[in-house]
Amino acid sequence: MAARQRHSRWPAYIMAGIAASAALVPGPGHAVGTGTETAARRPVPTATAGGGSFASPVPPALPGEPAPLPATGAYLHYGPQGVARMTWLSRWLGGADLRVGHTYLPGDLWSNIEGAPRFLDAWADWRRERDDRILVLNVPMLERNEEGVSDDEVRAMLRRGAAGEFDAHYRRLAERLIGLRVPDTVLVLGWEMNGTTYTHRCGPDPEAWKAYWNRIVGAMRSVSGQKFRFDFTPSRGRDAVPWTECYPGDDTVDIIGMDTYDQPQGMPFDEQVAEPYGLRAHVAFAKAHGKPISYPEWGLFRNGDNPEYMRRMLDWIDEHKPLYNTLTDYCPHGAWQCRQNPKAAAVYRSVLYGRTEPVPPPAPVPTPVSVPTPVSETDPEPLPSQGCSPVGLGDWTEHWLGWQICIRRDWWSSTWWSHWAR
């Protein structure tokens with residue numbers, strides 16, 4: 001499959017505004033406290049992992065008991081806004097239990113890959129509120145991760161990493177996460193390595209890439225108190241290189257994930273399952289290696305508002321029970337924050353509506369009158385910003401201005417000032 005070249009999440013210059021944004025967005029305590037959850041919450045035992053390979057993703061069901069539901073979440077925003085929107089998305093889904101929070105480290109500078117100060121605080125607070133929650137963090141393997149670095153330079157950087165030159169950056173990240181009391185974070189390290197989008201791609205030197213992955217995992221596991229789980233996550237299909245050629249080995253991989261979007265144009269879901277290095281091959285590979293699966297990124301894409309894809313992907317997730325899955329919920333991929341996909345959004349909502357452990361209830365017909373929905377202009381809940389993530393903008397000036405507008409709009413809509421002004 002051709003490289004996606006979707007949307008850049010973290011341009012090199014965006015971190016200049018993080019300190020300013022801290023004054024404009026709600027603090028960690030406020031972000032996780034907006035609104036009151038009304039859904040039933042019953043903790044589900046989850047397996048833990050330390051320095052070795054990860055064991056069973058969920059405990060097996062006893063005879064006559066339903067199997068545990070896959071842990072579900074969505075990528076809603078990289079910062080505190082994403083934490084707040086978890087509550088709003090759950091309300092839209094009729095109180096569905098969202099146990100997975102997902103965010104990304106910026107890949108512009110090593111200092112940010114180490115975990116920028118205050119950037120992860122709100123997510124750590126959210127994770128610690130409940131024992132059964134899962135925090136998923138995408139971690140770049142190289143700086144300048146979205147800057148179009150040449151294959152020759154990538155090859156040289158991978159070899160430097162394999163020699164241990166960058167170990168200290170990842171030890172500092174491990175110390176940062178342990179200091180925030182989230183030592184069991186799932187780390188999606190070097191995601192979509194089989195493509196061409198990122199500097200941390202595997203293609204220029206697969207052997208150096210695998211050796212470098214092992215160096216990073218070793219460096220992070222060397223820090224006392226860690227319980228990290230490392231998720232090896234290619235994009236679906238062959239892409240630039242078969243992802244199996246990049247697999248670094250069972251000792252340093254705890255989860256085998258896959259980022260899968262509804263693409264290329266015209267490809268039905270059955271072909272996405274059956275294609276070489278596709279969904280079926282992913283499940284079989286993980287089973288052969290004794291690892292749980294995950295879907296850190298999935299959603300709509302080249303085929304527009306496709307309710308059939310949404311239905312089939314949700315069925316696939318329920319059937320194969322990944323350790324976790326997170327819908328990429330911004331346009332063009334999403335359901336709740338993307339108004340251009342109303343048919344697929346209706347399917348997503350109807351399947352997950354009111355879903356809590358231990359079993360999903362019969363799917364009711366959603367009633368917009370009683371359930372707040374962010375697509376209503378009169379809804380008292382804060383609206384998610386449309387086209388307001390640090391992605392998909394044009395040149396650097398437009399990107400920077402759009403990001404600044406996003407911060408102010410999110411801050412305004414998430415505080416009592418906006419309600420008072422009405």
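Start by selecting strand E5, residues 229-232. Both of its faces are covered: Arg229 and Asp231 on one side, Phe230 and Phe232 on the other, all buried (under 20% relative accessible area, with a 1.4 Å probe and protein chains only). Strands here are DSSP runs of at least two residues and helices (H or I) of at least four, numbered from the N terminus. A quick note on the model: it is predicted, local features need pLDDT of at least 70, side-chain atom pairs count only at pLDDT 80 or more, and totals for chains, interfaces and linings use all residues. Residues are numbered from 1 along each chain as its sequence is written, and side-chain values use heavy atoms, leaving out hydrogens and water.

Look for Val188, which stands opposite Asp231 in E5.

Next, select helix H6 (residues 151-162) and helix H8 (residues 206-221). Which residues of H6 meet H8? Leu158, Arg159, Gly161 and Ala162 do, and on the H8 side you'll find Ala208, Trp209, Ala211, Tyr212 and Arg215.

Last stop: Met310, in helix H11 (residues 307-320). Is Met310 buried or exposed? Met310 is buried, with a relative accessible area of 0%. Leaving aside neighbours within four places in sequence, Met310 is in contact with Trp298, Leu300, Ala344, Val347 and Tyr348 (contact means heavy atoms within 4.5 Å). Try the distance tool on Leu300: Met310 and Leu300 are 10 residues apart in sequence and 7.6 Å apart in space, C-alpha to C-alpha.

Methods: Axes fitted to C-alpha atoms, helices over the stretch in contact; angles between N-to-C directions. Buried < 20%, exposed > 50% of the residue type's maximum accessible area, 1.4 Å probe, protein only. Pairing = 2+ DSSP bridges.
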